[in-house]
Amino acid sequence: MKRAVNPRRSVALGLKTCQKDQMKRPSGLHYGDQLDADSLAGDEEPEFKIGIPGSRALFGKTTHPLRRVFWILLTLVFFFLAAVQVQDRIDYYVKTPTRKDLVIINNDTLIFPRVTMCFGPGRTFNYSAMEAMRQNASLAMGINPNDVQMPYDLLSLTTLTTLWNEIGHDIGVMFETGSSKCWFGRGKPCKEVGEWRQLHTVLGPCSSFHVRHPVKETGLFNGLYMQMETNASSDSWIYFIHPANIDPALKFYDEKHYELLNTNNDVKIRFYQEKLVNVWHHPCEDAVDYSIENCELECFSEQLVRRSGCQLPFMKLANSSQLHSRETYPTCNTSASYRIADEELRLMLSGDDTRWNRSSCNCKPPCHTTYYQIDKEKVVADIRPERLRLRIFFQDKTYEKLTESLVYSLTTLFCDIGNSIGLLLGASVLTVCETLEWGCFRLIRCLMSVTAGAGRANKSQKVHPCPIPSAG
């Protein structure tokens, strides 16, 4: 005999079974769905521990509140001290401190400097040669010789560069053919050891002596010895001692840069080398053949050619300059252009800062420098009004090499930062990596939780309610 079923009891049992079933399966998912999102965003997570002392007291769930506050304050204090120390080390590194080490070297040979000689101011050109050219110019122009404007009208005969070479004093020829003499070492004429080369400067044509090989002997009688015959006691020479990579064309406009020879002089020279570090707050030019004198000459030439519209023989324009082309700015080969350029040259050399200022060139110092220190001494013995004598020599074979180097390197910076963090916080590079790993995990878990929650909310709308058993 079948037992009658109570409809109300059947409905209640069906509801309980549905509720239990819903508690077993994930909310918002069908029974056949994958659980990857829940597995990533579940309640259980891998255990991550940061290897910094006090981290357990800071993040532990069972830590007493007072102990947590104590460790928070302690961590903040030491973190602040570590940040101050690290900032101090970074500021010190940014300043790029340097030191200079001086080494005195006794070498077998020494490089003899270039010696550039010019006649004194007002006597740069050879007036005898100019007078001879005046006669030829008057014939070519069909005018009286006295009406020839010197030296501008001489350009009717030749170009400006050739004119400077012809009316300039050739010191090498003067020593070989005239009464003036030049020796290098004991009894050796200068032409056996080196050669005189004509050089154009802001004053006009000059001559520079080039020694072919490094010198092996030092002392008073093993250097350059020049004996110049003069026509009057007021005659004088000017000279400039410089390394081979320097063009002295601009040095002869200022008395601070050259030496005046109006009596017998003995000049002791000493060779120096200096190497600087190219740092951001004291930049230098690393090119070996670079010199600040050549940079200033290029700057001066560029400003002069812009004002005059033509080039004088001593000018040196940078290869990168737009004014380098001779087609745009040719040589001043006409009387009018030469007169304009010569007048502009005088104004720029007069000290008018509005026309040219050395500081406006922004020339960086060279990283590699070679220079000569001179010690000039007047010789009172054997003084003759018709003769000047100049001796230039090395006192010994030693020279000084000054090398600049960084005191605080990048490796030292990292070591100091690591020491500060390790001492004050007990941390290391691995601790930083561990902290980053923990932070990345927490961020990914948070994002996955948000994504999983949004997915459940969307899928919950598709889940049908549990069927209620029928009463029958």
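Buried here means under 20% relative accessible area, exposed means over 50%, and partly exposed covers values in between. The structure shown is a predicted model.

**Figure 1. Disulfides in the predicted model.** Six disulfides are found when the whole structure is searched. Among them are the links of C284 with C367, C295 with C363, and C310 with C332. These three pairs are shown in the close-up views that follow.

**Figure 2. Close-up of the disulfide between C284 and C367.** The sulfur atoms of C284 and C367 are joined at an S to S distance of 1.9 Å. The angle about the S-S bond is 95°, and the link of C284 and C367 is right-handed. C284 and C367 are both buried.

**Figure 3. Close-up of the disulfide between C295 and C363.** In this pair, 2.1 Å separates the sulfur atoms of C295 and C363. The link of C295 and C363 is left-handed, with -85° about the S-S bond. Helix α9 carries C295, and the loop between α10 and β10 carries C363, so that distant parts of the chain, 68 residues apart, are linked. Both cysteines, C295 and C363, are buried.

**Figure 4. Close-up of the disulfide between C310 and C332.** The sulfur atoms of C310 and C332 lie 1.9 Å apart and form a disulfide. A value of 95° about the S-S bond makes the link of C310 and C332 right-handed. C310 and C332 are each placed in the loop between α9 and α10, and the pair links parts of the chain 22 residues apart. The relative accessibility of C310 is 3%; because this is under 20%, C310 counts as buried. C332 also counts as buried, because its relative accessibility is 0%.

Note on methods. Residues numbered from 1 in each chain as written. Predicted model: local features only at pLDDT ≥ 70, side-chain atom pairs only at ≥ 80, totals over all residues. Heavy atoms only, no water. Disulfide = S-S within 2.5 Å. Buried < 20%, exposed > 50% of the residue type's maximum accessible area, 1.4 Å probe, protein only. Helix = DSSP H or I, 4+ residues; strand = E, 2+ residues; numbered from the N terminus.
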